[in-house]
Structures are given as C-alpha cells and as structure tokens.
Amino acid sequence: MKDQPYLETSPKVSDEVKQTTCYMCACRCGINVHLKDGKVSYIEGNKDHPVNQGVLCAKGSAGIMQVNAPSRLDSPMIRVGPRGSGEFKKISWDEALNLAVEWLKPLRIKAPEKLAFFTGRDQSQSFTSYFAQMFGTPNYAAHGGFCSVNMATAGIYTMGGAFWEFGQPDWDYTKLFILFGVAEDHDSNPIKMGIGKIKERGAKIVGVNPIRTGYNAVADEWLGVTPGTDGLLILSLINVLIKAGKIDLEYLAKYTNAPVFIDPESGLILRDKNDKPLVKDRITGKICAFDTKGIYPDLNATYKARDVTSNTVFHAIIKKYISPEYDPEKVANVCGISAPKIRALANEIARVAFEEEFQLPIEWTDFRGEKHTSMKGRPVSFHSMRGISAHSNGFQTCRALHILQILLGTVEVPGGFRFKPPYPKPSSIHPKPHFKVTPNAPLDGPHLGFVHGPEDLALDENGKPVRIDKAFSWENPMSAHGLMHMVISNAYAGDPYKIDTLFMYMANMSWNSSMNTSGVMKMLTDKDKKGDYVIPRIIYSDAYSSEMVAYADLILPDTTYLERHDCISLLDRPISEADGAADAIRWPVIEPDRDVRGFQSVLIDLGARLGLPGFINEDGSAKYKDYADYIVNHLRKPDIGPLAGFRGDGSAVGRGDVNPKQLESYIENGGFYVAHIPEGAKYFKPWNNAYQKWAVDLGLYDTPMPYIFNLYSEPMRKFQLAAEGFGEHQPPDHLRDQLKSVMSPLPIWYSNEGDLEENTKYPIHALTQRPMAMYHSWGSQNAWLRQIHGLNPLYVPTKIMKEHNLKTGDWVKLSSSHNTIIVPVAEMASLNENTVWTWNAIGKRKGAWALDPNAPEATKGFLLNHLIHELQPARGDGLRWSNSDPVTGQAAWFDLKVKLEKATAPEESQPSFDEIKSPVGTGPKNISWKVRN
Amino acid sequence: MTLLPENTEKKLGLVIDLDTCVGCHACVVSCKGWNTENYGAPLSDENAFGAKPVGSFLNRIHSYEVSPIDKPAHLVHFPKSCLHCENAPCVTVCPTGASYKRVEDGIVLVNETDCIGCGLCAWACPYGAREMDPVEKVMKKCTLCVDRIYNDNLPEEDQVPSCVRTCPAGARHFGDLGDPNSDVSKLVEERGGTDLMPEQGTMPVNKYLPPRPKNQMDDTDILAPYLEPVADEPDGFFKWLDKTLDRI
C-alpha cells in the first residue's frame with residue numbers, strides 16, 4: 001500500500017468574516033460572510049444570533065449564488081418598447097430620479113392619492129410607509145394582504161399578537177406541538193430548530209394539513225384535513241374539551257374577558273364610567289372594573305340592572321360551543337377526519353394540558369396585585385400561518401385557533417405559546433387607519449391600523465372607499481395589511497378612482513404574486529381610446545430581472561442584500577425571541593459592481609428631491625445622506641429611533657439619544673442587538689408587572705398596558721350592529737347579510753366553497769406551497785437552488801390518479817370556473833384524497849431571471865395563479881364579490897376548486913407566453929469557480 | 001487495485017436522524033458552498049441556467065413515500081452522502097490509487113491529482129455516493145470536511161462537517177463511531193441506528209436513526225379517558241362550573 005498523499009487539513013478559511021443579516025427569505029437569520037480578496041467566498045450561520053443560533057437553511061447557504069446571479073439588474077432603465085416587451089434603455093440615476101420627480105411632483109401638489117405605492121416583500125415597512133405618509137397618498141401597503149393577514153389580525157384582536165414574528169411555542173417545555181396548515185414555511189430555521197429540540201425530548205408533534213410534506217412529514221400524527229375546514233375541526237375540539245370540563249377556569253377568569261358582562265340588547269360589553277369592562281368579584285360579590293385590585297372575577301355571574309339581566313362572555317361561549325352542531329360525529333365528513341380521530345386528538349390535548357401541568361419556581365406579581373409563588377405551565381403549543389389563513393373563512397378560523405389556545409390556558413404560560421417583544425400589545429394601542437388626503441401635505445397619520453368600529457373605516461363622506469385597494473371598507477373592514485392583490489385590478493377598473501402612477505417594490509405582480517396572472521398582464525398593457533395605458537405610469541424597483549420588470553416604465557435597480565444597509569426594527573417586523581427583544585442591521589459587506597442603489601436610499605433621495613417633510617431640513621436641503629444616515633438619526637418619537645441598541649452614549653437601550661456610532665456598535669456586536677427579559681418577566685407578559693415595567697423602560701409601551709384577552713370581540717359586534725341597522729355609520733344594503741354573519745364576535749365556521757352546482761363541477765381542492773429551499777425567497781432562479789426544485793408537477797393523490805387512469809409524467813387539463821391550464825402530474829399518496837397541489841413560483845416566464853428560454857421552469861413549470869380570479873364567479877345577484885376574506889380582505893388563494901381531465905402532452909405547459917426580452921441577457925453556460933486569494 | 005487499510009485508528013462518520021430530517025436541503029447547499037471553495041476542484045454546475053442543469057453535489061436528499069397497509073402514507077427524507085465504508089469497494093476498484101481510505105480516521109478520499117476520471121469507483125459504489133464533476137471531470141465525493149474537522153483556523157465548535165454545523169433540525173451528528181463511548185455511538189445504541197444496505201458487505205461507518213413509529217393515536221380508541229363528560233348541555237355545564245369554582 002502506497003503512502004497516503006499529503007493533505008492540508010488546516011487551510012486558511014478566508015481573509016475576513018463580516019456579520020450581517022440574511023435576506024434569502026423573511027426569517028432574517030444572522031450570517032457570517034466569509035470574504036477572500038474582498039469577494040464573498042462562503043456563508044454560514046452566526047452562532048450568537050438569536051434567530052438561528054448558527055444554523056442556516058439551503059437558501060441562506062446559497063446566498064453566494066444570489067449575490068453573483070446573472071439576473072441582477074445593472075442600471076436604471078426606461079422602457080422603450082411596448083409594456084411587457086422587456087425593451088429598455090439604460091439611463092443614469094440622475095435621469096431616472098428626475099423623471100420620477102417629474103411624474104410624482106404634480107401628483108403630490110394636486111392629488112397625492114393618484115400615487116399608489118405598494119411594496120411587496122418589504123422588510124422596511126416602517127420606513128416605506130413613512131415615505132408614503134409624507135407624500136400624502138392613502139394608497140400604501142405591503143404584501144400582508146395576500147399572505148397571512150388573517151392570522152396576524154385575528155391574533156392581535158384576540159390576544160394582542162399571533163404566530164411567527166409575534167410569538168413562538170415554548171420549545172424548552174412544550175410536550176405536544178400541534179401545527180395547523182404549516183407545511184414548509186413561516187418561519188424557516190426557528191421551526192426546524194424547535195422541532196429538533198422537542199423531538200430530542202420525546203415531545204409529540206401533530207400535523208393538521210392536507211399535504212404531508214416538510215414539517216408534517218416528521219410529525220408523529222397526521223390529520224389530512226379537507227382544505228378550508230380547519231375552523232370547524234377546531235370548534236369541534238373546543239366542543240369536546242368544554243363538555244369534558246378540560247378548560248382552564250382560573251386562567252379564563254383572571255386573564256381573559258370570559259367573566260366580562262355582555263349587554264343582552266346591544267351585544268356590547270358593559271363598562272364603567274372609565275370605559276373599563278365590568279366583572280363580578282367572586283369573593284365580595286361586587287360588580288367592578290376588570291382590573292380592580294384583589295378581585296377574583298366570576299365566570300358564572302349574572303348582573304341585573306333595570307330589569308335587564310346580563311350574562312358573561314363565558315356563558316355565551318359555553319352556550320355556543322357545547323351545541324351538538326360541533327360534535328365530532330357531525331363535523332367528521334366535512335373535515336375529512338373521523339370522529340374517533342378528533343376525539344383522540346382532543347384527548348391527547350386534554351391529557352398533556354392538564355395531567356402534565358407543571359410549575360416553574362419563579363415568583364411574579366400580576367396587574368391586580370396578586371403575588372404568585374410560581375408559574376403554572378401547560379405544555380401544549382400550536383403554530384399556524386398561511387395554510388389556514390388564505391381562505392375566505394380564514395379570519396374566523398384563525399380566531400378559533402387562538403380561542404382554543406386561550407381556553408386551554410396555554411398562552412403566555414410555560415410550555416405553551418409565548419409572545420416575542422414588542423408583543424404582547426393590546427389591539428387598542430395600535431394606530432387606527434389614517435387616510436385623510438390633503439394636497440401638497442402629508443397624510444394625517446400612518447396608513448395601516450386596527451379599526452374598532454364602523455367609525456374607523458376609510459370611507460369618504462359618501463361612504464365610498466378612500467383607498468385604491470378598498471381596505472378598511474365595508475367589504476373587508478379589518479384589512480389591517482391592505483389588499484395588494486386588488487390594487488392593479490381596481491386601478492385598471494378605475495374603481496373607486498383612476499390613479500396615475502403605480503410604484504412597486506419587490507412585488508412580482510405580473511407573475512406569481514397576482515391572482516389571474518394573464519388578466520393582470522392585460523391590465524398592465526391595456527390602452528384606453530386615446531392610446532394611453534389605462535394605468536398610465538409604473539415605476540418598479542427590484543434587484544433582479546423578474547417578470548414584473550418588463551411591465552414597468554421606469555426601473556430603479558436595487559442592490560443585493562450583501563451590498564446594502566437595512567434595519568430590522570422593533571418599529572417594524574421584528575426578529576425578537578420570547579426571551580428578549582432583538583433588532584438587527586444589514587450593512588454593505590461588499591460594494592456593488594453595478595450601477596445600482598439600495599431602494600431605501602433611493603427613496604431617501606427621492607423624498608428630498610420631492611421636498612417631502614421628514615426628508616428635508618428647514619433650508620430645503622436633504623435631511624439624510626442615505627438610508628444608513630436615516631437609520632441612525634431618524635426619531636419616531638423623542639428618544640426612540642429605528643434601532644433600540646447602543647443608543648445615546650452607546651449604553652442606552654430602547655430609549656436614548658441618537659448615537660452617531662450606533663451602526664459601528666451593531667457591526668461590532670455581530671450585526672444585531674438583544675435586550676434580554678428578566679427571569680421573573682418571561683411569562684404571563686400581558687399581566688406580569690415585571691414585564692410591563694421592562695417594556696416601558698425599553699420604550700415598547702409608554703405606560704404599563706395590562707389587558708385581558710378578547711374571547712369575545714366587541715369591535716366585530718359593532719360591525720354586526722351596524723349591519724342590523726343601528727348607529728350612524730351604515731353599510732350598503734347588499735353587504736348587510738354578509739356582515740351580520742361573518743362579523744360574529746365569537747368564532748364561527750362557514751363553508752368557503754361555492755354553491756352545489758359549482759362544487760359538483762369542480763370537486764377537487766387545489767393548493768400551492770413553497771418548498772423549504774425556496775420559502776419566501778426571491779431566489780428560485782438561483783443556480784444551486786434551481787437544481788433542487790426546478791420542476792413543479794401537479795401532485796395528485798392516488799385515488800384521483802386511479803380514477804383518471806394517470807401515471808406520473810402524464811399531463812392533465814386542470815380547470816377552475818375561471819380558466820384552464822395543462823400541466824404534468826406526479827402521484828403522491830401522503831395527501832388528502834380530494835386535494836391536488838404544486839410548488840408555487842417555480843414556473844418562470846421565458847426571458848425572465850436570466851434563465852435560458854428552454855429552462856424547465858419556463859417550459860414545464862406553471863402557476864396555479866391562472867386558475868384563481870381576484871373576483872368570485874358571478875352568482876346571479878348582479879355583483880362580483882372579491883375572492884378575499886370578507887373580514888380582512890386576505891386573498892383566498894386556497895379556496896380554489898378544480899376539475900381534472902387527462903390530456904395529451906403539449907410541447908409546453910399551457911398557457912405559455914412569448915419570451916420577454918431580457919435586459920440582462922442569459923446566464924453563463926457553466927459555473928465552475930473558486931474565489932482565490 | 002488499491003488496498004484498504006486493515007484498521008483505522010478512528011472511524012469518523014455521520015449519524016443521520018431520519019425521524020427529524022425535514023428534507024430542507026440545508027446540508028446539501030452548505031456542503032456545496034464549503035466544498036466548492038475548499039478541497040480539490042470546485043463543485044461545478046453545467047448548464048447552470050439552462051434546460052438541463054447538472055451540478056456535482058456531495059450530499060443529496062432523496063424523498064421516499066412510505067405507504068403502510070393500515071396507516072396513512074408518509075414521506076421520509078433521506079440524506080445521502082459517502083458512508084465512508086470500512087470495506088469500501090470504491091477504493092479497491094480504483095486503478096490509480098487516487099481513491100483511498102485514511103488510516104488515521106477512516107475517511108475515504110479522492111486524491112484528485114491521481115484521479116483519471118475513469119468513473120469505476122462510482123460504478124462500484126452501491127450507494128451512488130460519488131459524482132463525476134461535469135466540468136472539472138474529476139471524481140467528487142464527501143470528504144467529511146477533512147479540511148474543517150482538524151482546521152485550527154476554525155473555532156473548536158466549528159470543527160465539524162459543514163452539513164452538521166448548518167442542519168437546522170439537528171438531524172446530523174458527527175463523531176467517532178469506532179469508540180463505543182462516543183456520543184454518536186451512544187445515540188446509535190439508544191435509537192437502534194442501522195447500516196444502509198448491510199447485505200452489500202461494505203460495512204458503512206455512517207449510521208441512520210430510523211423514524212419513530214407514526215400515527216399511534218388509534219382511530220379505534222374511543223375510550224378517550226381524559227374526556228369524561230361533565231355535561232353535554234349548558235345548564236349542566238353551569239352547575240358543574242359553580243361546584244368547580246367553589247373549589248378554586
């Protein structure tokens with residue numbers, strides 16, 4: 001045997017490591033970027049970072065291919081061919097910005113609402129919304145309306161926060177973790193880390209999902225629920241648990257509005273003269289405000305005044321959910337889950353919540369002054385995101401899930417669900433929507449917020465929606481994230497009015513981010529009688545040659561995530577953990593090699609050129625040099641700016657003066673800052689004096705804000721009351737019945753399906769999801785990732801494969817009431833037997849993303865979006881109802897029903913579209929390089 | 001014909017937990033990143049943006065559907081890379097001695113300067129764990145990150161293969177499977193870790209931990225002992241409530 005060759009086992013890894021924040025998806029993990037000779041050579045997770053603790057997903061590690069992607073735009077451009085052609089001319093930044101000012105300045109002076117500014121996967125919404133607010137247009141939102149607004153909003157109205165950015169399971173103590181509708185997404189690394197951690201302890205994972213991939217694939221139990229029926233399943237679990245008395249009475253009495261009285265006539269909550277909800281003290285029998293010191297609110301009380309007897313919210317809950325309509329036997333068929341299985345799940349929940357109750361020896365004092373010697377834990381936790389949200393009954397379903405957690409007493413207790421700062425936050429302290437337009441002046445406040453009754457709707461004096469997306473209107477009153485998916489179709493229809501300029505950022509509206517994609521392309525390219533585009537001007541910013549680029553008139557090219565400043569702020573979508581408040585930055589770890597600029601810096605420049613307040617000094621000069629300057633120097637309130645760490649002299653946290661060296665301190669600290677929650681403040685946060693004090697000190701609240709959870713939603717009842725004809729703000733008659741039903745102040749389930757005829761014709765549910773290696777990612781064209789997921793067949797359950805005599809590789813014609821597509825299929829057994837699905841956003845338009853036009857993404861890939869219309873089918877009432885949740889306006893992507901027929905294989909998936917001209921050409925044939933010193 | 005060492009001082013390898021692997025491909029891409037930049041030629045991609053992209057990867061995830069007769073079907077994600085066999089057929093088949101198994105730790109490597117790209121080793125490997133680089137035309141395989149695990153330029157905690165360091169679910173473990181007292185050996189013992197295709201006689205060092213039994217919540221168990229009803233209509237419930245509240 002010959003000698004082993006010499007091997008260098010200790011090679012130099014890199015010249016330097018710079019720590020910043022990932023942007024390959026929305027998780028915002030910490031990354032170590034290794035550089036050789038100033039070039040990115042390797043990316044790994046940052047071990048000290050609160051989000052990912054060193055691990056990194058496929059997208060994160062593939063960042064090097066994103067930073068070097070041939071699809072990167074390299075210069076500002078102006079359209080020279082017709083819209084949709086992809087023909088552009090490169091121009092200078094000065095030309096581009098002057099043109100933008102030329103278009104936007106007259107709008108601001110005369111009619112700011114003629115600008116619609118919608119940012120897609122924006123992680124700087126507190127800044128982009130500030131720009132829109134200073135411009136004065138009411139037409140601003142990001143992508144939440146077509147993502148998970150139902151989950152977020154239902155959570156905030158019910159308990160002051162929801163899942164993901166709002167809170168997380170208590171991975172350290174939970175013993176039963178139940179996932180509703182989460183397959184591979186929201187969020188990415190933290191869920192995987194959590195699953196790994198609880199599996200090591202032998203905890204049980206239950207997946208409730210029509211599709212058994214991703215997290216559901218490793219779940220111990222799987223319930224392949226029928227899409228859109230999760231709400232009914234949850235209410236059935238509630239029914240069974242109530243009948244068994246397996247709910248946490250003490251928790252409900254002390255921390256929720258269960259003991260609060262409801263006025264039987266109005267359905268509104270009885271309040272004292274300070275507007276505080278009334279309860280009866282079980283100790284003294286006195287009627288008093290819910291937060292009176294020393295009381296034990298009585299769940300079983302009645303209150304008689306002026307011959308009217310009021311009962312508690314708890315009474316209403318019991319009466320509603322003990323009803324036989326929610327018996328497992330009654331719901332089994334609809335949900336596609338057998339009654340014994342529903343009982344078995346309820347039994348497991350009851351066992352773990354109440355038999356495995358435990359105490360952490362941590363003292364705490366609640367807002368009524370009661371001292372607790374320990375913290376009681378109930379180790380059952382839930383998580384859910386888009387799966388149950390993206391239905392037209394999603395809001396009420398999400399409410400039902402939050403109510404289930406609360407009835408079990410598992411929210412903010414050890415082993416259950418825990419909020420992440422700045423949450424919990426009562427819905428009442430969020431802003432209300434602002435929409436008052438004054439030409440040549442800012443809007444009267446932040447656009448998005450939470451309505452608490454009809455008086456808060458964004459309507460003009462004639463009751464017409466003020467916003468282009470009709471958010472906060474009677475059609476969808478609680479649309480806290482706006483309705484980005486309705487902007488183009490409303491602007492095209494001139495309903496409620498015409499706009500002049502559509503300005504978008506990172507939103508692929510002419511492709512996978514729109515319903516009715518072919519229709520949207522037409523709306524974007526259609527001309528009026530005079531030969532002008534119906535939507536006159538479109539400005540778009542993106543870092544890559546996405547499908548949307550071709551449909552814009554002016555392109556402002558963004559940088560990649562390693563070439564820019566960014567701020568992951570507590571004022572925005574935070575990255576906190578249950579044990580601490582955290583924020584982070586991105587900073588240019590490499591310099592761009594193209595004529596591109598970070599979009600936020602461009603907005604800073606544009607704001608100054610437009611002379612917007614907040615963007616200029618008194619003498620009219622630019623207030624901020626760039627986004628980095630804004631991050632450090634902007635103050636939202638006195639002493640509170642975008643970043644909470646290293647304020648003042650560098651030692652102040654949360655509140656403090658501007659610190660000119662703040663970014664340097666973040667960089668030294670690994671790109672992030674964490675303010676840890678003290679031991680005694682870690683649980684029971686909404687009611688825990690120690691947490692309340694900590695939150696005020698940090699600037700999360702201005703004063704302590706203890707509150708009780710809203711099992712019963714009074715704001716919803718107010719909309720119902722209006723629909724019943726009470727009050728000065730009245731809905732249009734055609735919406736009364738809808739509002740009376742869907743605004744139920746206690747969760748309900750209603751079918752999300754069309755009428756019987758439609759259901760018979762289109763009997764199959766059709767869903768999409770994104771694979772883990774591409775979830776929330778702008779990089780599915782990435783050279784490495786596309787080799788993992790370059791094809792998206794339609795996955796069809798065995799039963800339907802057999803019925804249609806199909807085998808994997810065959811093609812089918814898939815039709816909805818709106819459209820037909822022809823696509824390849826693959827068999828999948830671990831799937832609800834009436835559901836088909838595919839990976840979303842794998843399909844690409846020819847000519848986009850610097851891919852070869854023969855790339856499988858363009859020839860075999862497809863979008864289900866073509867089958868989904870932004871409006872529901874005509875129902876003969878002369879109206880076209882929006883394909884959205886009637887409470888929040890959330891896009892009801894997952895309500896799609898289809899039929900399927902075997903088809904002869906076409907050359908390409910249908911519909912196929914012409915190639916758009918690529919402004920960046922096609923990528924190189926081969927990649928084979930190292931970064932060498 | 002290349003000889004294998006009679007014994008190796010250590011048997012370094014991976015233990016992969018199939019119960020926890022969610023199939024996220026984090027390990028696949030981290031591996032591609034590290035090994036493009038490090039050991040030997042870069043891992044290249046042919047037709048990187050074209051119709052049939054083919055790149056070399058040292059680690060891939062395969063997903064299989066399992067359909068038990070009496071339970072719902074489920075997916076198993078199965079990460080696969082070189083198993084660093086004790087009886088490695090890829091080494092003995094190598095005509096130039098380029099493939100070898102290290103005496104000190106049992107890692108199977110390809111000395112790229114001696115590799116003539118004949119591909120015999122890939123044919124000999126029953127696991128399909130070797131890939132000919134499409135552009136560099138040299139045989140590529142998992143090195144167990146031999147340039148990480150002893151690398152003094154890395155912090156000690158990072159001296160593990162990149163796939164292990166990055167795995168979000170903690171489904172990958174690295175250590176000496178020749179030492180019965182190592183953490184990985186104990187894990188294999190506890191969880192009944194197994195060899196992949198033991199009938200091949202390759203004696204793989206890497207081990208797989210099997211998925212735990214699924215769908216144990218029995219459909220037919222209607223006893224539901226924790227759901228003993230206290231009431232099935234409101235009045236009965238409120239009576240129970242009053243009694244229960246008095247006890248609080």
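Chain B of this predicted model holds seven helices and 11 strands. Its radius of gyration is 24 Å, well over the 18 Å that the globule rule gives for 248 residues, so chain B is more spread out than a compact globule. Along the principal axes, the C-alpha atoms of chain B fill a box of roughly 85 × 50 × 40 Å. Of the 248 residues in chain B, 47% are buried. Take the contacts in chain B between residues at least 6 apart in sequence: 61% of them join residues at least 24 apart.

**The interface between the chains**

Chain B puts 84 residues in contact with 92 residues of chain A. Several elements of chain B each supply at least two residues to this side, among them helix H1 (26-37), strand S5 (74-81) and helix H7 (234-247). H1(B) gives the most, with nine residues. By class, the side of chain B that touches chain A has 40 nonpolar, 24 polar and 20 charged residues.

**Domains of chain A**

The domain assignment of chain A gives domain 1 (167-419) and domain 2 (756-903). Their C-alpha centres lie 33 Å apart. In chain A, 20 residues of domain 1 are in contact with 25 residues of domain 2. On the domain 1 side, the touching residues divide into seven nonpolar, 10 polar and three charged.

**The three-stranded sheet of chain A**

Chain A has an open sheet of three strands in the order S1-S2-S3, with antiparallel pairing. Strand S1 (16-21) and S3 of chain A stand at the edges, each with a single partner strand, so one side of each has no neighbour in the sheet. Neighbouring strands of this sheet are turned by 30° against each other on average, direction ignored.

S2(A) and S3(A) form a hairpin with two residues between them. In the turn, A:Asp37 has a positive phi of about 55°. Within the pair, A:Ile31 stands opposite A:Gly45 in S3(A). How much of strand S3 (residues 39-45) of chain A is buried? Six of its seven residues are, and the strand is mostly covered.

**The seven-stranded sheet of chain A**

A second open sheet, of seven strands, has the order S5-S4-S25-S24-S23-S6-S7 in chain A, with mixed pairing. Strand S5 (88-90) and strand S7 (140-141) of chain A take the edges; each has a single partner strand, so one side of each is left without a neighbour in the sheet.

| Strand pair | Sense | Bridges |
|---|---|---|
| S2(A) (residues 30-36) and S3(A) | antiparallel | six bridges |
| S4(A) (residues 77-79) and S5(A) | antiparallel | three bridges |

Methods:
Residues numbered from 1 in each chain as written. Chains lettered and ligands numbered in written order. Predicted model: local features only at pLDDT ≥ 70, side-chain atom pairs only at ≥ 80, totals over all residues. Domains from an automatic or database assignment. Contact = placed C-beta atoms within 7 Å. Nonpolar A, V, L, I, M, F, W, Y, C, P; charged D, E, K, R; others polar. Helix = DSSP H or I, 4+ residues; strand = E, 2+ residues; numbered from the N terminus. Pairing = 2+ DSSP bridges. Rg over C-alpha atoms; globule rule 2.2 N^0.38 Å. Buried ≥ 20, exposed ≤ 12 C-beta atoms within 10 Å, placed from the backbone. Axes fitted to C-alpha atoms, helices over the stretch in contact; angles between N-to-C directions.
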